[in-house]
Amino acid sequence: MSRLLTAVATTFVLLGLWQGYVQVSGIEPFLLPGPIAVIETLIARHELILRHLGTTAQEIVLGLLIGTTLGVAAAILIHAIPAARRIGLPLLVISQAVPVFALAPLLVLWLGYGLWSKVAMAVLIIFFPVTTAFLDGLRRTEPGMLDLASIMSATLPPFRRTVALMLHVRIPAALPALASGLRVATGVAPIGAVVGEWVGSSAGLGYLMLHANGRMQIDLLFAALFVLALFSVLLWLSVDALLRRALPWQPDSFAR
Amino acid sequence: MGVPPGTSPEASADEGFGLALRDLSVAYGARTILRDLSLDVPAGSTTCLLGPSGIGKSTLLRRVAGLIDGPGTVQATDGQPLAGRVALMGQGDGLLPWLNALDNVLLGSRLRGERADRDRGLAMLARVGLAEAAESRPATLSGGMRQRVALARTLMEDCPLVLMDEPFSAVDALTRLRLQDLAAEMLAGRTVLMVTHDPWEAIRISHAITVMTGDPATISRTLEPGGQTPRAIDTDSARDHWRQLMEALGEMA
């Protein structure tokens with residue numbers, strides 16, 4: 001409860017400083033509107049903002065689902081198949097070395113102005129943290145567990161034995177690492193979607209922000225930015241809570 | 001104790017078998033851990049490999065279990081392959097933290113895609129005194145309880161050969177004594193090869209004690225204390241065995 005109070009108090013102090021600066025300095029509202037003006041816009045134009053949020057949220061969630069699925073599959077393939085390792089690992093690093101910002105216009109060109117070019121952007125940005133985190137987890141299985149499971153499954157044919165060890169030991173043991181990757185992915189997924197919207201779109205919070213900026217509606221830009229940030233934080237907190245609940249055996253503590 | 005001569009392999013397969021280790025060598029890179037090590041492990045009794053830490057005891061066990069390859073042969077005295085007839089109890093409990101105690105006990109059947117016999121699993125937990133803890137995750141159990149779950153899991157596998165790698169080294173002295181008694185009772189009649197660095201542990205629960213010394217490690221001495229296990233350690237003969245073992249261990253210096 002005291003944590004919540006601290007957060008609320010901090011927010012109000014910061015907003016107060018912001019409003020105070022705007023009043024005292026007399027800065028033009030098209031350069032920096034005060035928080036009160038932003039809140040007024042937020043209320044007045046909430047339908048518009050929520051409609052665009054719907055588009056962006058859809059892109060982010062679809063990107064997360066597809067990116068996670070692809071990342072998990074890639075990590076398992078790279079771990080299990082030597083050929084996939086030789087080809088997949090360099091590709092994985094290259095996929096991250098090329099900035100998504102540079103790829104955004106291409107993706108829009110190939111996939112169009114609609115939803116899928118933004119989903120693809122989010123997938124590209126999510127894929128790397130999910131794959132590397134899960135792959136690390138798969139590689140770090142405790143040798144004692146593997147020895148034991150290998151001996152227990154010694155009578156199985158080699159392929160079934162590999163699958164059994166993967167399903168019953170390696171994958172569950174790597175889930176906490178996957179969860180770390182997912183937390184990073186959830187944090188950066190909105191970047192992919194919004195960058196995609198900036199490059200070319202007709203809907204979404206990124207589009208709305210760019211549009212408002214071009215028309216000097218900076219209060220609307222701030223309102224959209226605020227909603228985007230709030231959505232990202234809530235999404236992250238939900239994913240974090242979900243992961244915590246899904247992995248109850250994982251030790252979990254902060255410094256005291 | 002041993003398989004009587006003339007018994008057919010089919011009849012003896014379920015009865016238990018001994019091990020014949022011949023000329024085992026293991027090297028990690030340039031470092032030779034074991035060179036030409038040979039040892040006979042008699043059927044139906046507990047053989048202890050005693051040696052200082054880092055001498056290659058665990059390596060030898062992993063070689064016997066088929067977890068690593070190398071020159072030399074590991075053969076069952078009944079001539080049948082070892083796969084599927086070996087259970088391992090390692091240094092750590094090796095429990096999977098996401099499974100409860102019962103599911104850990106049933107891990108072997110899950111891995112092999114067999115139907116898990118929950119009733120038998122519960123019975124095994126009851127035999128090690130942990131019937132109540134069946135639904136508990138390892139993190140909520142004490143070190144001694146976790147080792148007992150590991151013992152129940154080993155018994156659940158019901159293998160004639162059991163390999164133990166310092167299974168009780170991570171628990172306190174009193175718990176260790178209790179676990180040794182429990183293990184000696186539960187594993188009676190099986191062929192057990194156990195490695196340990198603790199001479200008292202070896203004296204308490206083994207029928208034959210083999211001392212490993214040197215680098216690369218070789219067998220320097222074998223001692224057969226005789227009598228029933230678990231053995232009392234406050235007797236003159238136990239102290240005499242202890243002295244002999246310490247001498248044998250000291251020869252490497």
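The model is a predicted one, in which local features need pLDDT of at least 70, side-chain atom pairs count only at pLDDT 80 or more, and totals for chains, interfaces and linings use all residues. Residues are numbered from 1 along each chain as its sequence is written, while chains are lettered from A and ligands numbered from 1 in the order in which they are written.

Chain B has nine helices and nine strands (DSSP runs numbered from the N terminus, helices being H or I of at least four residues and strands E of at least two). Its radius of gyration is 18 Å, close to the 18 Å from the globule rule for 253 residues, so chain B is as compact as a globular protein of that length (the radius is taken over C-alpha atoms, and the rule is 2.2 Å times the number of residues to the power 0.38). Of the 253 residues, 44% count as buried, meaning that 20 or more other C-beta atoms, placed from the backbone, lie within 10 Å of the residue's own.

Helix α2 of chain B, residues 57–64, is mostly covered, with seven of its eight residues buried. Among them are Leu60(B), Leu61(B) and Arg62(B). Just after α2(B) comes Gly66(B), with a positive phi of about 80°.

As for the two chains together, 17 residues of chain A are in contact with 22 residues of chain B (C-beta atoms, placed from the backbone, within 7 Å). On the chain A side, α7(A) gives the largest share, eight residues.

Terms used: Buried ≥ 20, exposed ≤ 12 C-beta atoms within 10 Å, placed from the backbone.
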